[in-house]
Amino acid sequence: MSLNWSSKEQKTQNQPSAAGQKRARNDATGNKVTVVLGAQWGDEGKGKVVDLLATEADIICRCQGGNNAGHTVVVDGKEYDFHLLPSGIINTKGISLIGNGVVIHLPGLFEEGDKNEKKGLKGWEKRLIVSDRAHLVFDFHQVVDGLQETERQAQEGKNIGTTKKGIGPAYSSKASRIGLRVCDLLGDFNDFSTRFKNLVHNYQSMYPSLTVDVDDQLKKLKDFAERLRPMVRDGVYYMYEALHGPPKKILVEGANAALLDIDFGTYPFVTSSNCTVGGVCTGLGIPPLNIGDVFGVSKAYTTRVGIGAFPTEQLNAVGELLQTRGHEVGVTTGRKRRCGWLDLVILRYAHMINGFTAIALTKLDILDVLDEIKVGVAYKLSGKRIPHFPANMDILHKVEVEYETFPGWKTDTSAARKWNDLPAKAQSYIRFIENHIGVPSMFDTKISNLQTSVSTGVQRLTINVV
């Protein structure tokens, strides 16, 4: 998770070269960040993986999205729900960072922190750093989100199925260069107030029914600003110092997932940010050279919230069983998740984009009761295999899935903590997944140790995420 640096190497890296001399190339680029990303449509169990890794991390970062994300972590019998805070905030010895690529709804941030504090999350405000370049989500962004969904339903007969948390409108404000950032809120408040009023007017011109109590909102924002101020840092400088200072273990937890990425997901039924590995660099202000391990997280089957193409969806008893046994209800929305067989086409596609070091396969035990288990291995269009994941959603709706069928293991695997604890048929299922996408799985008792062993010529990261 980190690159060990000697003090001599550190000094060489930071010391300017003598005048007229060419600086010698130093292949030591600083500490590496370990990245955890969703490999499907979200809800894969990233929070569990991050929480296990975060126990030994020095810094835990969020780089994109907002409180449309939902991670549930259970510690000592207490269940914590995180939407905007990095779920690594539970680690009392680490620092959690909300990067510039995140859009922040301040009422939601403090409500979430206070709610979890009542459950036992103590001192979280002292362990949280917020980038001064992060954009703000306002209450009216959330109202606009709902208005846009209603408008889509009326005009097209369908909506995107957003969380109505204002994420899309906030990123739209950012891209239109009319958004407001944390540094604006903490700067000249008179100037901030003027720009806030202009932003409200901009949206009211598009949505005449939108009403905003500007004075009340500004009063609340001024109060939030003072509570937020001690947490704010220049995020780029903070990360640079962390990367090029003493050895540190730095963890980045992605929100949402590859198939919800604004560029690479099942557009337009996607989120509004880059939730693939490129978003780590732009959302934290760090170079690609400092990206270390990239762990993809996938369920042993597939789920999706909201509408949009879902080739392996099972609208039958199998889908109902997966939904019931897996307790498949969205943390953020409370909506039931659609369920289906594992789709290796989308996992392979996610690996193409992210370059996964390993795949964390979660909820394997949900499959324990099945007599047979299917895995989608290819898409066909007009009877012919297509070698890529379709960009066009009309085409994706038309594809026929080619399946491989495996015998069920009919054994309880919920207590399995090591590879050898799994029945042979479950091992075969996992090995097929590894071989098909070309990425080893993660499986063992202590994820933070990242113990490795060699199996059939492939480095197997042995980590428990079942």
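View 1. UniProt, in an unreviewed entry, places the feature "binding site" at V331, T332, T333, G334, R335, K336 and R337; UniProt positions follow the numbering used here, feature names are shortened, and annotations may be inferred rather than shown by experiment. From this set, V331, T332, T333 and R335 belong to the lining of the largest pocket. A pocket is an open set of points on a 1 Å grid over the protein atoms alone, where a 1.4 Å probe fits, with protein on both sides within 12 Å along at least five of seven lines, and lining residues have an atom within 4 Å of a point. The structure is a predicted model, in which local features need pLDDT of at least 70 and side-chain atom pairs count only at pLDDT 80 or more, while totals for chains, interfaces and linings use all residues. Residues are numbered from 1 along each chain as its sequence is written, and side-chain values use heavy atoms, with hydrogens and water left out.

View 2. R335 sits in the loop between helix 11 (317-325) and strand 13 (338-340), where helices (H or I, at least four residues) and strands (E, at least two) are DSSP runs numbered from the N terminus. R335 counts as partly exposed because its relative accessibility is 28%, given that buried means under 20% relative accessible area, exposed over 50%, and partly exposed in between (1.4 Å probe, protein chains only). Leaving aside residues up to four places away in sequence, R335 touches G161, T162, V305, G306, E328, V329 and G330; contact means heavy atoms within 4.5 Å.

**View 3. The lining of the largest pocket.** The largest pocket holds about 1,000 Å³ of space, a volume being the space filled by probe spheres set on the points, which are joined across faces, edges and corners. Of the 49 residues that line the largest pocket, N68, L260, V270, T271 and S272 lie nearest its centre. Helix 5 gives the largest share of this lining, seven residues.

View 4. Helix 12 (residues 344-354) is mostly covered, with eight of its eleven residues buried, among them L344, Y349 and N354. The buried residues of helix 12 pack against several elements, including strand 1 (33-38) and helix 14 (424-437). D343 caps the N-terminal end of helix 12, with a side-chain oxygen 2.9 Å from the backbone nitrogen of V345, and just after helix 12, G355 takes a positive phi of about 60°.

How values were computed. A polar contact is a pair of N or O atoms within 3.5 Å; within protein, one must be able to donate a hydrogen and the other to accept it, and residues adjacent in sequence count only if both atoms are side-chain atoms.
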